[in-house]
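Please look through the sequence and the structure before reading on.

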Amino acid sequence: MISVIPCFSSFLVLLCGHHVRALANSPSSSPTSSSFSGGRTYNYFAFGSNMASSTMINLRNLSPIASTAAVLPDIDSHSTFGVPGVEPSSAAVEPLLDSNEYNPQLLQHDAVHGVLYKLSEEDFVTICRTEGVPFAYVLHRCRVIPYVGDKKSAGDERLQSTFLNHSSSIENSTSNGNNIKRTEWGIPAFTLRAARKEWRKSEDIPPSQSYLNVLIRGAEEFSLDEEYVAKLKSMPAGKTWLGGGLAEEMLRVAEGRKNNKFPAFLMSWSFPALQVVTEGDYK
């Protein structure tokens with residue numbers, strides 16, 4: 001008898017791999033990926049539970065090449081699809097404007113903070129597969145602004161300085177009312193957007209407290225702006241049937257499995273610590 005689950009899993013791997021390679025080979029995707037001695041790499045902006053490096057390393061078995069705090073302007077964050085009573089919703093982002101334009105008036109107020117990861121092609125395919133691309137999420141091209149977190153306002157300050165530094169080129173670019181064509185600021189990357197239109201337009205569904213705690217853990221780990229962390233901490237939690245949700249427990253089990261599998265002195269060899277990098281490392 002053929003096992004349905006392994007066959008479907010293999011199908012997802014092939015589908016995600018094909019999707020990623022198609023993006024890499026398309027003319028418009030070249031800025032979001034690059035090559036190095038180990039092969040092609042991808043920039044991925046995480047804003048949900050993937051902000052926590054332990055989620056990436058222990059739960060998803062990935063080895064990020066680099067990571068840093070980052071902010072994505074002109075975007076709205078919301079909580080959408082999930083499993084009622086277990087994990088009611090997951091984080092998603094929705095562009096406020098066409099991907100080729102931005103509004104300088106919104107730049108200061110509508111932004112999502114998160115973590116910019118540099119991943120190998122294999123790890124990027126794994127992210128797509130484990131996040132349910134293209135059924136739950138679809139890939140969205142964006143430009144993010146990296147910063148070194150200070151638990152204060154480094155992200156907002158970097159956002160404002162980036163805007164000011166590009167003001168001259170903005171003035172010379174094509175305008176369309178209050179919207180201006182994007183210039184070459186920031187780092188090109190992929191992030192995740194809800195796959196279905198009805199999910200994008202639906203009202204927010206409060207996530208579990210467990211899921212929120214993982215988001216807060218990642219935000220504090222990378223010292224994201226205190227105002228943004230406070231926003232995460234003030235979000236209402238959704239109702240769950242058992243406890244406060246499963247996200248933290250899944251992560252704890254994954255961490256325990258890894259810790260039991262390898263002696264402590266081998267952990268640093270198998271799962272190297274992530275490094276905060278400069279903007280040039282993502283190009």
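Which helices and which strand each supply at least two residues of the lining of the largest pocket? They are strand E2 (39–46), helix H2 (53–59), helix H8 and helix H10 (247–261). The model is a predicted one, and the points below describe it by topic.

**Overall architecture**

- The protein has 283 residues, and 49% of them count as buried.
- Its secondary structure consists of eleven helices and eleven strands.
- Considering contacts between residues at least 6 apart in sequence, 82% join residues at least 24 apart.
- The accessible surface amounts to about 14400 Å², and carbon and sulfur atoms account for 55% of this area.

**The largest pocket**

- The volume of the largest pocket is about 690 Å³.
- A total of 27 residues line the largest pocket, and those nearest its centre are Ser49, Arg60, Ser90, Glu131 and Tyr211.
- Helix H10 makes the greatest contribution to the lining of the largest pocket, namely three residues.

- Helix H9 spans residues 226–234, and its residues Tyr228, Val229 and Leu232 are buried.
- The packing partners of the buried residues of H9 are strand E7 (111–120) and helix H8 (209–221).
- On the face of H9 turned away from the buried side are the exposed residues Glu226, Glu227, Lys233 and Ser234.

**Leu116 in strand E7**

- Strand E7, against which the buried residues of H9 pack, contains Leu116.
- Leu116 has a relative accessible area of 0%, so it is classed as buried.
- Leu116 and Tyr44 are 72 residues apart in sequence, yet the distance between them in space is 5.7 Å, C-alpha to C-alpha.

**Backbone features in the loops**

- Most residues other than glycine have a negative phi, and most peptide bonds are trans.
- The peptide bond that joins Val133 and Pro134 is cis, with an omega of about 5°.
- Pro134 belongs to the loop between helix H4 (121–130) and strand E8 (137–147).
- Asn61 is not a glycine, but its phi is positive, at about 55°.
- Asn61 is placed in the loop between H2 and strand E3 (66–73), and with a relative accessible area of 47% Asn61 is partly exposed.
- Lys151 is likewise not a glycine, and it has a positive phi of about 65°.
- Lys151 sits in the loop between E8 and helix H5 (154–165).
- Is Lys151 buried or exposed? Its relative accessible area is 54%, and since exposed means over 50%, Lys151 is exposed.

How values were computed: Residues are numbered from 1 along each chain as its sequence is written. This is a predicted model: local features need pLDDT of at least 70, side-chain atom pairs count only at pLDDT 80 or more; totals for chains, interfaces and linings use all residues. Side-chain values use heavy atoms; hydrogens and water are left out. Buried means under 20% relative accessible area, exposed over 50%, partly exposed in between (1.4 Å probe, protein chains only). Helices (H or I, at least four residues) and strands (E, at least two) are DSSP runs, numbered from the N terminus. Contact means heavy atoms within 4.5 Å. Accessible areas come from the Shrake-Rupley method with a 1.4 Å probe; for residues, only the protein chains shown count as cover. On a 1 Å grid over the protein atoms alone, a cavity is a set of points where a 1.4 Å probe fits but cannot get out, and a pocket is an open set with protein on both sides within 12 Å along at least five of seven lines; lining residues have an atom within 4 Å of a point. Grid points are joined across faces, edges and corners, and a volume is the space filled by probe spheres set on the points.
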